[in-house]
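Subject: Structure for your review

Hello,

Please find the structure below, followed by what was found in it.

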Amino acid sequence: MVFLNGKFLPIEQAMVPVLDRGFIFGDGVYELVPVYSRVPFRIDEHLRRLERSLAEVRIRNPYTALQWKEIITRLIGEQAFDDQGVYFQVTRGVAKRDHAFPKDVEPTVFIMSNPLVNPPREVVEKGAAALSAVDYRWLRCDIKSISLIGNCLLRQVSADAGAAETIMFRDGVLTEASASNVFIVKGGVIRSPAKSHLILPGITYDVVVELAQAAGMPLEFAEISEAEVRAADEVWITSSSKEVLAITELDGKKIAGMEELVNVVNGKKPGEEIEVTLLRGGDEKTVTVTLANRPASIE
Ligand SMILES: Cc1ncc(COP(=O)(O)O)c(C=O)c1O
């Protein structure tokens, strides 16, 4: 069951006219909200970012935040699975092809929810490989635009090599990855590019920043050179579906610090037990888990 322009219907019946500006120009914006145990994570933040993207491209937001939430909640309830990725997009609508904006056109709204696909446990524990590329996208990467051909081409660079992501540099400076934000750690300091028109303001980026600040970890928003990324102790990518994923290899070379990375949380070592608070069915639940053994070196 999906949502299209006010109606809930099976995806096979959801049709958009070929003159929709989303189809013709990629003229629209989107969001993807992760849903755990049927509870959307940071929905208000995603809706605020949608509102901002819409304003930046001058498309009217057809719904209030409350209406968006009602529709999304109903759609989540229609699915047979608990952990979901709710994708929603708004295009400028259907009009005779002309670059200039049409007048009095209703935006097209499409929402679907699929099973949430996170990286497999093994990849989360061992880390993933990435490739680098020159960031040749446009200069408004802060807008979550559905025109993703640049991101798709750049993602394919790493996909062709069987790697998880493409980390991008503009004029030798780190921006982000093809569908995620990037953090590095050097000498115990967590560093990431400051928010600007060159990167998407990630909701997961904000979560990482909040957690680091709450834990009193040194954090710096800075211009990060390509050399600094290559010499980092750790590299992480973050996104709503990848969550926080360690990059242990860049362009075939190991990220130095990852070789001897030991999983230490709050002074606990592998094999020891820690208490973790999880959100399950909307309720916080504290469970005890045993810290996994990290490989001393990553194959
Ligand atoms: C280019 C780009 N950067 C960063 C992100 C991460 O954003 P979020 O954490 O909100 O999913 C995404 C997510 O799709 C993205 O496409």
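Glu-31 has Phe-88 of strand 5 as its bridge partner. Strand 3 (residues 28-36) and strand 5 (residues 84-91) are antiparallel and are joined by eight bridges. Please keep in mind that this is a predicted model.

The sheet is open and has six strands, in the order 2-1-6-5-3-4, with antiparallel pairing. Strand 2 and strand 4 (39-40) are the edge strands; each has a single partner, so one side of each has no neighbour in the sheet.

Two helices lie across these strands. Helix 2 (residues 43-56) lies across strand 3, strand 4 and strand 5, at about 175° to strand 3. Helix 3 (residues 65-78) lies across strand 1 (2-4), strand 2, strand 3, strand 4, strand 5 and strand 6 (108-115), and runs at about 35° to strand 6.

On strand 2 (residues 7-9), I looked at Phe-8. Beyond its neighbours within four places in sequence, Phe-8 contacts Met-1, Phe-3 and Glu-78. Met-112 is 104 residues from Phe-8 in sequence, with 9.9 Å between their C-alpha atoms.

As for the ligand, 14 residues surround it, the closest being Leu-200, Gly-202, Ile-203, Thr-204 and Ser-240. Helix 6 (203-214) and strand 13 (234-239) each supply at least two residues of this shell, and helix 6 has the largest share, with three. By class, the shell has five nonpolar, eight polar and one charged residues.

Regards

Methods:
Residues are numbered from 1 along each chain as its sequence is written. This is a predicted model: local features need pLDDT of at least 70, side-chain atom pairs count only at pLDDT 80 or more; totals for chains, interfaces and linings use all residues. A residue is near a molecule or strand if its C-beta atom, placed from the backbone, lies within 6 Å of it. Helices (H or I, at least four residues) and strands (E, at least two) are DSSP runs, numbered from the N terminus. Ala, Val, Leu, Ile, Met, Phe, Trp, Tyr, Cys and Pro count as nonpolar, Asp, Glu, Lys and Arg as charged, and the others, Gly among them, as polar. Two residues are in contact if their C-beta atoms, placed from the backbone, lie within 7 Å. Two strands pair if DSSP finds at least two bridges between them. Axes are lines fitted to C-alpha atoms, for helices over the stretch in contact, and angles run from 0 to 180 degrees between N-to-C directions.
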